[in-house]
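Please examine the sequence and the three-dimensional structure shown below before reading the explanation.

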Amino acid sequence: MAKFDLAALMGAAEVSNLDTMQMQEIPLDLIDDNEGNFYGIREIEELAEAIALIGLQQPLVVMPMLGIDGERYKLIAGHRRKAALLHNQAETAPCIVRTPMNSAYEELMLIMTNSTGRELTYKEKMEQVKRVEARLMELKEQGVELPGKMRARVAEITKVSESEIARMKFIDKNLEQVWREPLSKGEINPTVANAIAHLTPERQNSFYRDKFDFPKKRFSYEQEVKLYDEEQDAKPWTPKTCPAEESGTKYYDCWTQVAKCRERLPDVTCCHTCPEVDGCKDVCFSQRRYKTPEQLDAERQSAMDAEQAERRAFLQTRAGQIPQRIQSARLAKNWSEEQLGNELWCAFETLDEDDVELWENATGEGDLPSIGEIMALSQVLECSSDYLLGLSDVLRPSPKVWHDRSEHPVDDTLVLMLSRRHTGDNFHAAIFQGKEFWHPESPNIEMPDGYQQWQPLTLPEV
């Protein structure tokens, strides 16, 4: 299909010298706004600042006003630019002066010059589609030949797709007034407006009253429109909430299937109470996953038994001794879990009561304290780390000596290093080699200067 040419169309209507234009400086007080302009005049201050900085990049488009005493001009394009110039207290503006034309061509020119120059609201796009179609129909009645489909011609001028134009026309025809303001303000998008426009007028108004203030982040409006329509279609016998859902989920989403079942079982209102639910291939999702209170209790008990069995097995391992050793050392000081947590927090600011509870009730190795945390516990509980690790049965032997970093062990010695700074890990394993302490898992990374003390480290056999 050949591209639609408005200029050629105007030439076909014998509008003489349309393409002849003059550029001249015109006083702004001689330029009248176009009463047919429906585009919003917004963001003027930003445009005024840009014009003040780099000048006016696009002249105004005007047309002499006929039958007016004195010389005056009608503004065809540039209403925002004119407002910005007035904001900057300008007195004149460079203008392209168009030859006078009839009202239909004038409005088409207004729309063509505004449809691509800035971001339009959906309301402005709808309005320009309506006006372009009306003006083209007016020209057609005047005998002007319009090639191709009308919708294609409108799409060419407004730069809006044909499918979007069809949706706009449906919305404009069917959307109730209460929803037009939310659409123009951007509170609902065109997709949602289209879904609402498919409802009956009565449902559109009741939906606005009942649902417009529902949490916008919880559902999409389009989904809510669909659910609301289904809810209104629900039969009087439909339960208000689903008995198979603990949260009281609304039940109108599966009434259509139950309605088919009622042709054979007239008293059935819900899959949950249907006597033939067992083995039914059409049973609803909620009933399919439904469990009786007895089944839920049995599942919970089974899970508890499995957890306890896992813990018993874990406690039989060497690592499984650590939770009991921590608890024994705590009770030896007559401390509660909360007291031990407070002592840890005061000493290291990284551990607290929640950590103590996790360690003492560990069900697997993932719940056990790290080597650094074992050393923190041994410091606060004043006990041997060997005792906590299950390497010794003596609770409080003579404490190991902490060596300064300047004192070197033999090469390949695994050590535990201490940092007395309350940031990050206070304890960290390291390996000594070549007069330096290195990270045990990354031999090329030297231990930070904050770790200034060390003692030999013996790890338990897990």
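The paragraphs that follow treat the model as a whole, then its helix packing, and finally its salt bridges.

This is a predicted model, in which local features need pLDDT of at least 70 and side-chain atom pairs count only at pLDDT 80 or more, while totals for chains, interfaces and linings use all residues. Residues are numbered from 1 along each chain as its sequence is written, and side-chain values use heavy atoms, with hydrogens and water left out.

The confidence of the predictor in each residue is expressed as pLDDT, on a scale from 0 to 100. For the protein chain the mean pLDDT is 79, and 80% of the residues reach 70 or more. Over residues 10–20, however, pLDDT stays under 50. Where pLDDT is low, the predicted coordinates should not be read in detail.

The protein chain contains 19 helices and 11 strands; these are DSSP runs numbered from the N terminus, with helices (H or I) having at least four residues and strands (E) at least two. Of the 462 residues in the protein chain, 39% are buried. A contact means heavy atoms within 4.5 Å. Among contacts between residues at least 6 apart in sequence, 63% join residues at least 24 apart.

Two helix pairs illustrate the packing. The axes of helix α16 (residues 337–348) and helix α18 (residues 371–381) come within 10 Å and cross at roughly 105°. Axes are lines fitted to C-alpha atoms, for helices over the stretch in contact, and angles run from 0 to 180 degrees between N-to-C directions. The helices α16 and α18 are therefore roughly perpendicular to each other, a description applied to angles of 65 to 115 degrees, whereas angles under 35 count as roughly parallel, over 145 as roughly antiparallel and the rest as oblique. On the α16 side, the residues in contact are L340, E343, L344, A347 and F348, and they meet A376, L377, Q379, V380 and L381 in α18. Helix α6 (residues 150–158) and helix α7 (residues 162–174) pack at an angle of about 105°, with their axes 9 Å apart. This angle makes α6 roughly perpendicular to α7.

Salt bridges provide another kind of link. Side chains of opposite charge can pair when their charged atoms come close. A salt bridge is defined as a side-chain nitrogen of Lys or Arg within 4 Å of a carboxyl oxygen of Asp or Glu, and by this rule the count comes to 17.

K82 lies in helix α3 (residues 79–87) and D33 in the loop between β2 (31–32) and α2 (44–54), 49 residues apart. K82 counts as buried at 9% relative accessibility, while D33 is partly exposed at 45%.

Another salt bridge pairs E35 with K74, whose closest N and O atoms are 3.5 Å apart. E35 belongs to the loop between β2 and α2, and K74 to strand β4 (residues 73–77), 39 residues apart. Here E35 is exposed, at 65% relative accessibility, and K74 is buried, at 14%.

D393 and R325 also meet in a salt bridge, at 2.8 Å from N to O. D393 lies in the loop between α19 (385–388) and β6 (403–404) and R325 in helix α15 (residues 321–332), so this pair ties together parts that are 68 residues apart in sequence. D393 is exposed at 68% relative accessibility, and R325 is buried at 8%.

Note on methods
Buried < 20%, exposed > 50% of the residue type's maximum accessible area, 1.4 Å probe, protein only.
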